Amino acid sequence: MRSAMGALLMLGTGCLADEVPLRFAITDGWAMPMVQIERGRPTQGILPDIMTSLATQVGMPAEFHVLSRARMDGAMKQGEIDVRCYVSPDWVSEGGNYLWSVPLFFQRDVLVGTANAPAAVTLATLAHQSIGTVLSYTYPTLQPFFDGGQLHRDDARSQEQVLAKLLAGRYRYAVTNQWALDWFNQRHNADRQLHEVALLQEQQLSCYVRDDPKIPAQRILRTLLKMKTSGEIDAIIRLYTGRRDTSQAEAGSP
């Protein structure tokens, strides 16, 4: 699925040399509907659509940097990127000088299984086994079980690969967010769809900007607030998922 806004992605990477771009971080572990990456560049998805609209409204061309999750903190601190979205302050290491937006997204992380998996499971009673996870992602709810040796991570490079490996029988359960699960299931027949067996975590996520005089940080934050309160961000989410985002935009930092 491509949105009209998605067509602007090419404009973001084809700007004139003398234009100063607004540089966005794209995590290579994301999957549709968050982003589709082809040949190292985002081509469609909720987050690049939002980022492109933000840059356009701020009056700067969008430039996308596809990075691993492990590279994100360093890239922000070293000034290689200006804006990172779909993130919680809990995921960011200390030491950077950043400004945070209002909450913009609602993430629901779930443990999923194949059609023949139980309808529900209790984490504490799971037998010793591997769980499908994304490389460098943190899972606070599961970490005590990883630390204790009851469960083990089986990492893949992206969320899409994690779900594909689950469907192929590489492990019994995997972790995903609700958006990626819905997108995956839309592309498979009922007997090959995955289903939630346990809710792991729900949280609100935001964007943050480097507090640098070279960047119009306050204008960026005001624009994100306007995009949220006007319904633009929720409209982009609905376009890809059919769901209304349930996060609430309120003035101030999360």
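Domain bounds in these legends come from an automatic or database domain assignment. The structure is a predicted model, in which local features need pLDDT of at least 70 and side-chain atom pairs count only at pLDDT 80 or more, while totals for chains, interfaces and linings use all residues. Residues are numbered from 1 along each chain as its sequence is written, and side-chain values use heavy atoms, with hydrogens and water left out.

View 1. A search of the whole structure finds 3 cavities of 30 Å³ or more. On a 1 Å grid over the protein atoms alone, a cavity is a set of points where a 1.4 Å probe fits but cannot get out, and lining residues have an atom within 4 Å of a point. Grid points are joined across faces, edges and corners, and a volume is the space filled by probe spheres set on the points. The largest cavity holds about 200 Å³ of space. Its lining comprises 19 residues, and those nearest the centre are Arg 69, Trp 91, Gln 107, Asp 109 and Tyr 137. Domain 1 (22-107 + 203-240) and domain 2 (108-201) each contribute at least three residues to this lining. At least two lining residues come from each of strand E7 (105-113), strand E10 (173-177) and strand E11 (195-210); E10 gives the most, with 3 residues. Strands (E, at least two residues) and helices (H or I, at least four) are DSSP runs, numbered from the N terminus. By class, the lining has 9 nonpolar, 8 polar and 2 charged residues, where Ala, Val, Leu, Ile, Met, Phe, Trp, Tyr, Cys and Pro count as nonpolar, Asp, Glu, Lys and Arg as charged, and the others, Gly among them, as polar.

View 2. A pocket is an open set of grid points with protein on both sides within 12 Å along at least five of seven lines. Of its 16 lining residues, Ala 31, Met 32, Val 35, Glu 160 and Trp 183 are the closest to its centre. Strand E2 (36-38), helix H5 (159-167) and helix H6 (178-186) are the elements that give two or more residues to this lining. The lining of the largest pocket divides into 9 nonpolar, 4 polar and 3 charged residues. Because domain 1 and domain 2 both give residues to the lining, the largest pocket lies between them.

View 3. The whole structure has 6 aromatic pairs; rings of Phe, Tyr and Trp (its six-membered ring) pair if their centres lie within 6.5 Å, and planes under 30 degrees apart count as stacked, over 60 as edge-to-face and the rest as tilted. The ring centres of Tyr 86 and Trp 179 are 5.5 Å apart with planes at 35°, so this pair is tilted. The pair joins distant parts of the chain, with Tyr 86 in strand E5 (residues 83-87) and Trp 179 in helix H6, 93 residues apart. Ring pairs link Trp 30, Tyr 86, Phe 105 and Trp 179 into a cluster. Both Tyr 86 and Trp 179 are buried, a term for under 20% relative accessible area, as against exposed for over 50% and partly exposed in between (1.4 Å probe, protein chains only). The relative accessible area is 4% for Tyr 86 and 9% for Trp 30.

**View 4. Arginines over tryptophan rings.** A charge sits over a ring if NZ of Lys or CZ of Arg is within 6 Å of the ring centre and within 35 degrees of the ring normal. Arg 69 lies over the face of Trp 91, at 4.5 Å from the ring centre. Trp 183 has Arg 187 over its face, at 3.6 Å from the ring centre.

View 5. Most residues other than glycine have a negative phi, and most peptide bonds are trans. The bond from Met 32 to Pro 33 is cis, with omega near 10°, and Pro 33 is placed in the loop between strand E1 (22-27) and E2. Arg 39, although not a glycine, has a positive phi of about 55°. This arginine, Arg 39, lies in the loop between E2 and strand E3 (41-44) and counts as exposed at 87% relative accessibility. Tyr 86 likewise is not a glycine and has a positive phi of about 60°.
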